[in-house]
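Visitor: I would like to learn how to read the features of a model such as this one, step by step. Could you take me through it with the structure in view?

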Amino acid sequence: MSNAALEIRALRKSYRNGFEALKGIDLTVAEGSFFALLGPNGAGKSTTIGIVTSLISKTSGKVQVFGHDLDREVQEVKRNIGLVPQEFNFNNFEPVAEVVVNQAGYYGIPRREAWKRARHYLGELGLWDKRQDMARTLSGGMKRRLMIARALVHEPRLLILDEPTAGVDIELRRSMWEFLQDINCDGRSIILTTHYLEEAERLCRNIAIIDHGHIVANTTMRGLLAKLDTETVVLELRAAAQRLPDHDSIRLRRIDELTLEADINRGEDLNTLFQLLDGAGIHVQSMRNKTNRLEELFVRMTRAVESADRGIRSAP
Amino acid sequence: MKPLHLHENWTALRTIVTKEVLRFARIWVQTVLPPMVTMALYFIIFGGLIGSRIGEMEGIRYMDFIVPGLIMLAVITNSYSNVVSSFFSSKFQRHIEELLVSPVPNSLIILGFVGGGVARGLAVGVAVTLVSLFFSPFSLHSLTVTVSVVVMTSVVFALAGLINGVFARNFDDISIVPTFVLTPLTYLGGVFYSVSLLPDFWQAVSQLNPILYMVNAFRYGLLGTSDLSLTVSYAIIIGFILGLYLFALTLLNRGVGVRN
């Protein structure tokens, strides 16, 4: 029996229209990890999550959750997972507390204990005061938090969050990050899909990138970021530069009269860049990263798969 | 496989049934009141105004004759519509996923929804019976037959409503069966007349209508009179319960209409 929170082997999913959403993916999520599953729209993230949570039937392959096989021990698998889906999927015409208490009931938790847990999780997520309000009256951010409370009420060992902070303002997003980090520190394994790559980089220790039904990376966040061989910064100048200096490990290019971009090789420090600019009489007013580091890698990796797929499609 | 323990299953079932009962109880003005008003109109127009000219049916005052059929009509339509609308809206709003991701077995999901449908069917049945007391004295020939037939009939139509809900893809799909199948079959199921009045050919055709057996068995329970054999009626009702339950279970196990 595996100790992994989630183990997926050769998982395939083909739809009736012939579309192959998953093309035999392998994935391991260690127990206790905070794991990012990233990919562009339609890459296969939600299909993977749907299969693991029994909302989508797989075509072939094996899925195990804490060693329990999805085909043979589906109820044990379900008992160990809490799901926060991408779209709101609670009864809009039920009071907030009932959404959570009923969910506990489906897991066989007696009503008194269910209310105790509902009070705890709704309180933690700032929704206890809204417990008697109809779910439909909540704001978008509150609805997301309600789904988190509902997913936690049966105290699953693995929490799966599909785009949990989509449409949530930055302040609330940060408080949700803190909450998720706290429950991860308590030993709960978390799988997160997100479009905010900053979120993945900040929260997750492990990462997989899925694209066109393939896993294109499955490693630690640190290991993945180490693959980034260059970093690009954008420089806003005080005055137009007359000429751009050359350097072996720093490449400068002009974007407009007062803006430059610098590709800096990994290992090179920023002092070298500033010495180079100073020597050429270029004065920098401000500097920022062109993209988030993870975003840079993500775009590169998913582009590579897209090109490979195009090559396959165009082959005779 | 380690299923939910018995007490956990019981908690899960109770949760679904409570949720379903609260759902229709919260909107009682839309769910319980309208059949009371409709049936009161039936009693006034068919039983009172027209019935007084008809006289007796099978040796029973016409108003008294139609009471069991109209109660049954209310039970059938409400058991069916409660489950079909609840199940379809849970698909439409996607909160059926709350159940699908949980370890509740499909058999309990069926029992839970059916429990809600039966609760509404019986609540409306009792309400319509109370209304009928303004027009007809209460009569009870056999408590066992009356209760067993009304509960089992309610189960049959709650199951049928669930199956309709599984296949439904839009709101039109949940009204087609009640409008074009259920209502005609109920009206032709001996609610307003005795099948013995029909010519032989139409009597034979009527015997293909399962609702005829349910209405007649219920009428027997209340009035002690029936056109048909009670044993055959029970056999048909039980047969439908088993058939529809197994069909519903197969559909949910295969994920038809609920899983991708």
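Visitor: What percentage of the 260 residues of chain B count as buried?

Guide: Keep in mind throughout that this is a predicted model. A residue is called buried if 20 or more other C-beta atoms lie within 10 Å of its own, and by that count 47% of the 260 residues of chain B are buried.

Visitor: How many helices and strands does chain B have, and what pattern do they follow along the sequence?

Guide: Chain B has 11 helices and two strands, and the order read along the sequence is α-α-α-β-β-α-α-α-α-α-α-α-α. Its radius of gyration is 19 Å, close to the 18 Å given by the globule rule for 260 residues, so chain B is as compact as a globular protein of that length. Taken along the principal axes, the box filled by the C-alpha atoms of chain B is roughly 60 × 35 × 35 Å. Among contacts in chain B with a separation of 6 or more, 82% come from residues 24 or more positions apart.

Visitor: How should I read a helix pair, and at what angle do the axes of H3(B) and H6(B) cross?

Guide: One reads the axes, then the handedness, then the residues that meet. The axes of helix H3 (residues 33-54) and helix H6 (residues 106-132) of chain B come within 9 Å and cross at roughly 35°, and the crossing of H3(B) past H6(B) is right-handed. On the H3(B) side the contact holds B:Pro35, B:Met36, B:Met39, B:Ala40 and B:Phe43, which meet B:Val124, B:Ala127, B:Val128, B:Val131 and B:Ser132 of H6(B). By class, the residues of this contact are nine nonpolar, one polar and no charged.

Visitor: In which sense do E6(A) and E7 of chain A pair, and which helix packs on them?

Guide: E6(A) and strand E7 (residues 158-162) of chain A pair in the parallel sense over four bridges, with A:Gly82 opposite A:Leu159 of E7(A).

Visitor: What is the order of the open sheet of four strands in chain A?

Guide: That sheet has the order E12-E13-E11-E14 in chain A, with antiparallel pairing. The edge strands, which pair on one side only, are E12 (250-256) and E14 (284-289) of chain A. Helix H9 (residues 270-279) of chain A lies across E12, E13 and E14 of chain A, and runs at about 60° to E12(A).

Visitor: Finally, how many residues of chain B are in contact with chain A?

Guide: Such an interface is read from the residues on each side: 24 residues of chain B are in contact with 27 residues of chain A. On the chain B side, H1(B) gives the largest share, six residues.

Conventions: Residues are numbered from 1 along each chain as its sequence is written. Chains are lettered from A and ligands numbered from 1 in the order in which they are written. This is a predicted model: local features need pLDDT of at least 70, side-chain atom pairs count only at pLDDT 80 or more; totals for chains, interfaces and linings use all residues. Two strands pair if DSSP finds at least two bridges between them. The radius of gyration is taken over C-alpha atoms; the globule rule is 2.2 Å times the number of residues to the power 0.38. A residue is buried if 20 or more other C-beta atoms lie within 10 Å of its own, exposed if 12 or fewer, and partly exposed in between; C-beta atoms are placed from the backbone. Two residues are in contact if their C-beta atoms, placed from the backbone, lie within 7 Å. Axes are lines fitted to C-alpha atoms, for helices over the stretch in contact, and angles run from 0 to 180 degrees between N-to-C directions. A crossing is left-handed if the near helix is turned anticlockwise from the far one by less than a right angle, and right-handed if clockwise. Ala, Val, Leu, Ile, Met, Phe, Trp, Tyr, Cys and Pro count as nonpolar, Asp, Glu, Lys and Arg as charged, and the others, Gly among them, as polar.
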